[in-house]
Amino acid sequence: MTRDAPRAGVPTPSAPPAGAGELDAGQARRICLRAQGLAGPRWAGGPAGVLERQRAVQLDTIAVLARSHELVSYARLGPVGRPAVERALWADPPTAFEYWAHAACVLPLADWPYFAFRRREFAARGQRWHTDPGRGTAQVLARLQADGPLTATELGGAKAGGPWWDWSQVKVAVEWLLDLGTVVCTRRAGFRRVYDLAARAVPAELAAVDADDDACLAALTQRAGRALGVATAADLADYYRLRVAQVVAALPRTGLVPVRVAGWGAPAWADPAALDDVDRRPRHSVTLLSPFDPMVWHRPRTERLFGFRHRLEAYTPAERREHGYYVMPVLAGGRLVGRADPKRERTWLRSGRVSVTSPAWGQAAGRALGAAAGWVDRDTVALGPVTPPSARAEVARGLRAAGVAVVDGEPAS
């Protein structure tokens with residue numbers, strides 16, 4: 001895991017030279033929001049355009065409001081249909097593939113050559129999580145060759161009979177082949193990976209690109225810089241889970257330019273295009289963000305940009321949660337102004353706890369929550385606790401302004 005503070009053995013990037021561009025905190029924040037499609041004109045191209053700009057959309061199994069990859073497009077495009085997101089990410093013929101980037105992510109198929117460095121790392125290591133990943137790979141390859149794309153269930157079963165992480169040998173084998181790039185996932189069925197032979201699914205012109213590690217790392221660092229707008233080396237490394245040392249070595253080949261950002265305490269680099277119109281006041285989104293949204297991926301960066309401490313509490317025991325299970329930051333006015341913990345119920349939305357940094361942001365939080373309820377076809381919100389309590393009336397007003405009914409407690413069935 002990358003961090004802002006230098007560690008022993010990790011090269012420290014040199015400070016930007018005298019005369020490098022200087023940004024104040026507000027300018028840096030606006031640049032980052034525009035680069036992420038959360039300020040300024042809405043991105044063209046629908047969900048496919050979101051992937052094209054961001055280069056990585058994280059996947060996650062939690063779906064209490066919607067799945068994270070759907071929420072990422074929603075935050076940038078508004079109420080885009082959820083099926084449209086699925087069609088864009090898992091198109092036929094394929095335009096994207098799934099691999100290990102920030103975590104399990106959907107990535108543009110055009111970036112297949114630049115993950116060769118990671119495939120080589122896995123091959124050199126000889127394993128990821130399992131000590132004998134190769135057992136069963138011949139049988140998996142034979143099935144895929146004979147029968148075409150298959151899920152793990154169709155290959156023989158994903159589970160070994162224990163907890164959810166207790167994979168069958170078939171699942172271990174096919175995931176190892178995915179790590180190596182022998183097998184690829186370019187679509188899902190019912191949110192289950194569909195595996196295919198890379199030799200069949202990856203276009204020949206991409207498979208033929210022979211990118212060495214230096215070329216891979218420079219390409220990915222440049223993509224991270226464009227997606228983030230302005231970033232420290234640790235921010236850039238976190239985007240694709242590179243090592244800071246790899247990013248520092250790659251920076252001279254990326255075209256990113258050094259800048260100074262007031263209050264950051266670490267050297268920064270910017271996408272030159274992101275520095276245009278730096279003082280223009282753009283349209284800002286009012287929306288909920290997935291906990292796995294690239295805007296809040298890197299927690300130290302989130303705190304540095306917004307003074308906002310965000311943590312996912314889904315894996316925290318219920319009695320120790322501060323804000324809720326699936327806590328979603330509220331974005332309004334170019335700032336993170338609160339949190340909500342929504343959950344779809346049968347015909348309505350349970351809000352869980354809503355908190356705002358100031359009662360003045362209550363109505364914005366309500367509008368964001370109400371708009372999300374409408375997007376998932378819920379016209380009633382059961383409003384739970386609000387912090388501070390004095391913001392409750394404003395949150396309710398914002399919900400009604402978004403066109404949903406507000407009730408206290410569970411609605412009558």
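I began with β9, which is joined to strand β10 (residues 268-270) by 3 bridges, the two running antiparallel. Helices (H or I, at least four residues) and strands (E, at least two) are DSSP runs numbered from the N terminus, and two strands pair if DSSP finds at least two bridges between them. I noted that this is a predicted model, in which local features need pLDDT of at least 70 and side-chain atom pairs count only at pLDDT 80 or more, while totals for chains, interfaces and linings use all residues. Residues are numbered from 1 along each chain as its sequence is written, and side-chain values use heavy atoms, with hydrogens and water left out.

Within this pair, I found Val-259 bridged to Ala-268 of β10. The hairpin of β9 and β10 has 6 residues between the strands, and there Gly-263 takes a positive phi near 85 degrees. On the pairing with β1 (residues 21-23), I recorded 3 bridges to β9 (residues 257-261), with the two strands parallel; Leu-23 has Val-261 in β9 as its bridge partner.

**Two open sheets**

I then traced a sheet of 4 strands, open and mixed in its pairing, in the order β14-β15-β17-β19. Its edge strands, each pairing on one side only, are β14 (343-344) and β19 (405-408). Strand β17 (residues 380-383) runs parallel to β19 and is joined to it by 4 bridges, with Thr-380 standing opposite Ala-405 in β19. Helix α16 (residues 392-401) lies across β17 and β19, and runs at about 170 degrees to β17; for that angle, axes are lines fitted to C-alpha atoms, for helices over the stretch in contact, and angles run from 0 to 180 degrees between N-to-C directions. Contact here means heavy atoms within 4.5 Å.

Another open sheet has 5 strands in the order β11-β12-β13-β16-β18, again with mixed pairing. I marked β11 and β18 (386-387) as its edge strands, each pairing on one side only. Strand β16 (residues 354-356) and β18 are parallel and joined by 2 bridges, and Ser-355 stands opposite Thr-387 in β18.

How many residues of helix α3 (residues 68-77) are buried? I found 10 of the 10 buried, so α3 is largely enclosed by the rest of the structure; buried means under 20% relative accessible area, exposed over 50%, and partly exposed in between (1.4 Å probe, protein chains only). The buried residues, among them His-69, Glu-70 and Arg-76, pack against α2 (46-54), β2 (57-58), α4 (82-89), β11 (287-288), β12 (328-332) and α15 (362-375). Gly-78 follows α3 and has a positive phi, near 85 degrees.

I next looked up Gln-145, which is found in helix α6 (residues 137-147) and is exposed, with a relative accessible area of 54%. Not counting residues up to four places away in sequence, Gln-145 touches Leu-197 and Arg-200. Gln-145 and Leu-197 are 52 residues apart in sequence, yet 7.3 Å apart in space, C-alpha to C-alpha.

**The second largest pocket**

I noted a volume of about 310 Å³ for the second largest pocket. Its lining has 15 residues, of which Arg-34, Ala-35, Arg-53, Ala-273 and Ala-274 lie nearest its centre. On a 1 Å grid over the protein atoms alone, a pocket is an open set of points where a 1.4 Å probe fits, with protein on both sides within 12 Å along at least five of seven lines, and lining residues have an atom within 4 Å of a point. The largest share of the lining, 3 residues, comes from helix α1 (residues 25-35).

Most residues other than glycine have a negative phi, and most peptide bonds are trans. I recorded a cis peptide bond between Asp-92 and Pro-93, with omega about 5 degrees; Pro-93 is in the loop between α4 and β3 (96-100). The bond from Thr-387 to Pro-388 is also cis, with omega near -5 degrees, and Pro-388 is in the loop between β18 and α16.

Is Arg-55 buried or exposed? Arg-55 is buried, at a relative accessible area of 9%, and has a positive phi of about 70 degrees although it is not a glycine. Asp-377, in the loop between α15 and β17, has a positive phi near 65 degrees and counts as exposed at 68% relative accessibility.

Notes: Grid points are joined across faces, edges and corners, and a volume is the space filled by probe spheres set on the points.
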